[in-house]
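Grab a pencil and work through these exercises with the structure open beside you. Each one comes with a solution in steps.

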Amino acid sequence: MEKETDFKNAEKGEDIDSIYGKPEYFENRELSWIKFNRRVLNEARDKSIPLLERLKFVSITSSNLDEFFMVRVASLKDMVHAGVKKADFAGLDAAKQLELVNKDTKDLVNLQYSTYNRSLLPMLNQEKIYIIDAYEKLTEEQAAFVDMYFENEVYPVLTPMAVDSSRPFPLIRNKSLNIAAVIEAKGGGLLGHKDSKRKKDEDGENAEFATVQVPSGLARLVPIPSDDPDEKVFILLEQVIEKNIQKLFSNYKVLCAYPYRIMRDADFSIDEDEAEDLLQEIQKQLKKRQRGEVIRLEVEDGIDKKLLSFLRDELHVENKQDIFHINGPIDFTFLMKMYGLENCDHLRYAAHKPQLVPEILPGENIFDAIQKGDILLHHPYQSFDPVIEFIRQAANDEQVLAIKMTLYRVSGNSPIIASLAQAAENGKQVSVLVELKARFDEENNIVWAKKLEHAGCHVIYGIVGLKTHSKIALVVRREEAGIRRYVHLGTGNYNDSTAKLYTDCGLLTCSEAIGEDATAVFNMLSGYSEPLSWNDLAVAPLWLRKKFLKLIRRETKHAREGKVAFIRAKMNSLCDKEMIEALYEASTAGVRIQLLIRGICCLKTGIPNVSENIHVRSIVGNFLEHSRIFHFCNNGCEEVYMGSADWMPRNLDRRVEIVFPVLDEELQKKVLHILDVEFEDNVKAHVLQQDGTYEKIDKRGKVLINSQEIFCREAEFELPGQKKTYQDRVFIPAEPVE
């Protein structure tokens with residue numbers, strides 16, 4: 001009866017929010033993100049994965065947490081400080097979210113260190129790889145080597161900072177590793193004067209404090225010699241400093257010393273209407289990141305109580321829930337450095353080499369190749385080189401008149417930047433929108449923007465109030481038949497480094513309709529032109545939300561009319577309330593919905609009469625799943641879209657995003673093949689359960705399907721100059737697991 005009532009209410013025009021907007025129908029965004037990071041950590045716990053790959057996932061879990069705290073947790077704290085009581089769509093206010101986030105994060109961190117200490121460290125030792133955690137475990141020769149290393153390499157760099165009335169507690173840099181010490185004057189000395197900042201310990205003795213930063217310019221993993229040539233022995237830099245810290249405080253006795261690390265609020269907001277120069281304002285705001293509020297304090301488990309109390313006071317850490325006691329090395333991101341250990345190929349996956357794109361022959365004029373038909377790119381299985389060549393050839397092609405492009409994140413030594421600069425020097429009109437507000441890439445983008453301007457490019461520093469997240473490049477070329485526009489559209493950034501690690505799709509086309517749309521996009525970005533309509537592209541923030549809702553509601557209508565209706569969508573995150581409610585309505589009408597969501601998913605599955613037709617899975621594998629693909633049945637007249645946007649409020653309402661259709665029938669089959677394989681993945685996929693947990697698929701008795709491995713094999717199968725259709729794809733699956 002409830003289902004029928006909902007239908008009638010919806011037909012009467014009752015607000016969907018009143019039917020599908022109940023708080024219990026939604027997962028909190030922050031808690032969902034922690035579940036995602038737990039899935040990342042689960043890869044480190046998977047015994048079928050090579051050891052160094054598992055260490056890599058431990059490191060990724062840590063770097064993910066850092067960014068999460070600096071941005072998302074910091075925002076929650078700001079809301080609490082401002083007295084905001086409004087609850088999110090899951091019914092949780094900021095204070096309650098902070099409480100639950102800290103609890104779930106600490107559970108995650110405990111699991112992370114348990115995995116490292118109980119599983120990964122013993123396995124490293126079995127491979128004769130040792131990370132020494134105490135000087136007592138060193139041989140006499142090794143201890144002498146480490147002491148000499150401290151004297152020659154470390155000691156000259158260190159700056160011990162005493163704390164007293166004339167020397168206040170220093171600024172501790174965001175994410176820096178430090179060592180705090182309790183010291184006692186042996187007699188005399190500067191620290192022993194009457195103005196020293198002292199605290200009484202339980203025995204009534206005077207305690208004085210100091211801190212020293214672990215130098216970020218030195219390698220944290222210090223290799224030390226071993227008598228066994230097959231052994232690889234390391235000690236952490238902070239251990240070296242702790243052991244020798246007495247040498248920093250002559251005439252004083254070091255009572256104890258412990259490492260600590262802080263996370264600061266790294267989010268910043270800019271009043272762009274008031275900022276006369278956006279570039280200068282962002283440069284000014286970046287400096288404030290090092291002075292933001294401390295939102296997390298990590299200390300070594302067992303830290304001296306006096307020392308912890310001192311740190312809390314000086315760093316203004318009021319809530320105990322913001323303190324994380326770490327049972328092991330603080331900050332696991334150093335483990336990423338171990339991934340490249342020499343002579344350890346057996347502990348890593350074999351490196352994947354991106355393959356050539358079959359439609360583009362080596363050395364071929366890329367514009368000739370595009371004229372033969374639209375070209376689909378699938379990274380990192382296929383090389384990113386065609387995108388680089390697209391801009392490089394355009395820069396040096398005498399027939400090219402103009403290049404226009406958006407840049408959100410690029411690599412440290414970007415060949416695309418070099419080509420754009422070359423194009424300007426060659427007299428071509430080059431317009432580049434460099435998004436200065438790309439979080440944690442602001443400084444990098446400022447450098448590139450200045451370089452492009454110096455080369456003579458017209459640089460646009462984003463749009464007031466919006467981030468330009470779309471990935472689009474337009475090349476205008478004069479040919480015999482007249483002006484022709486060539487366009488690249490993508491789901492990922494113009495970053496040749498991450499293109500080897502992220503799964504993304506791209507389209508190269510000279511479609512007249514898309515070319516007109518691309519011109520309209522850049523006119524909109526560089527001026528005040530707002531198109532009244534589009535040919536093929538759907539652009540946020542004004543048109544994209546309406547487009548997606550229209551497509552979902554069309555499937556809902558078809559289902560109610562008894563027609564075939566389904567939706568398949570792949571994205572990074574789903575947390576937009578209106579989109580989720582539209583999916584709930586479609587599910588209630590009988591639309592079959594399959595979602596592949598790598599990260600945040602605020603939708604719940606299995607709700608009776610609401611989401612029983614919705615199935616959600618997440619793939620965490622060797623490559624980061626980053627492509628966005630949308631597939632709508634349309635009663636058999638299927639439509640396929642790709643683009644830069646997730647179903648999040650920021651993507652749909654506060655960013656310039658582009659979603660584009662895949663119109664070529666053969667390319668559409670290839671894109672649908674990608675979805676087919678990923679929805680069949682039973683090796684790396686986690687499936688969202690009704691209780692909100694994610695579980696891996698039981699593989700017993702099933703043929704193993706690892707989508708990323710299949711795509712690697714497929715890319716090797718397709719040879720340049722031998723264009724194959726979807727039906728030509730042949731690959732042999734593994735034997736069923738017993």
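**Exercise 1.** How do helix H3 and helix H5 lie relative to each other, and which residues make the contact?

*Solution.*
- Find H3 at residues 29-44 and H5 at residues 94-126; helices here are DSSP runs (H or I, at least four residues), strands are runs of E (at least two), and both are numbered from the N terminus.
- Their axes come within 10 Å and cross at roughly 5°. Axes are lines fitted to C-alpha atoms, for helices over the stretch in contact, with angles from 0 to 180 degrees between N-to-C directions.
- So H3 and H5 are roughly parallel: angles under 35 degrees count as roughly parallel, over 145 as roughly antiparallel, 65 to 115 as roughly perpendicular and the rest as oblique.
- Contact (heavy atoms within 4.5 Å) involves, among others, Leu-31, Ile-34 and Leu-41 of H3 and Leu-100, Leu-108 and Leu-111 of H5.
- By class, this contact has nine nonpolar, five polar and four charged residues. Ala, Val, Leu, Ile, Met, Phe, Trp, Tyr, Cys and Pro count as nonpolar, Asp, Glu, Lys and Arg as charged, and the others, Gly among them, as polar.

A quick note on the source: this is a predicted model, where local features need pLDDT of at least 70 and side-chain atom pairs count only at pLDDT 80 or more, while totals for chains, interfaces and linings use all residues. Residues are numbered from 1 along each chain as its sequence is written, and side-chain values use heavy atoms, with hydrogens and water left out.

**Exercise 2.** What angle do the axes of H19 and H20 make?

*Solution.*
- The axes of H19 (residues 665-680) and H20 (residues 707-717) come within 9 Å and cross at roughly 140°.
- That's why H19 counts as oblique to H20.
- Residues in the contact include His-673 and Ile-674 of H19, plus Ile-710 and Phe-711 of H20.

**Exercise 3.** Which strands stand at the edges of the open three-stranded sheet?

*Solution.*
- The order is S1-S7-S6, with mixed pairing; two strands pair if DSSP finds at least two bridges between them.
- S1 (129-132) and S6 (221-224) are at the edges, each with a single partner strand, so one side of each lacks a neighbour in the sheet.
- S1 pairs with S7 (residues 232-236) in the parallel sense over four bridges, and Tyr-130 stands opposite Val-233 in S7.
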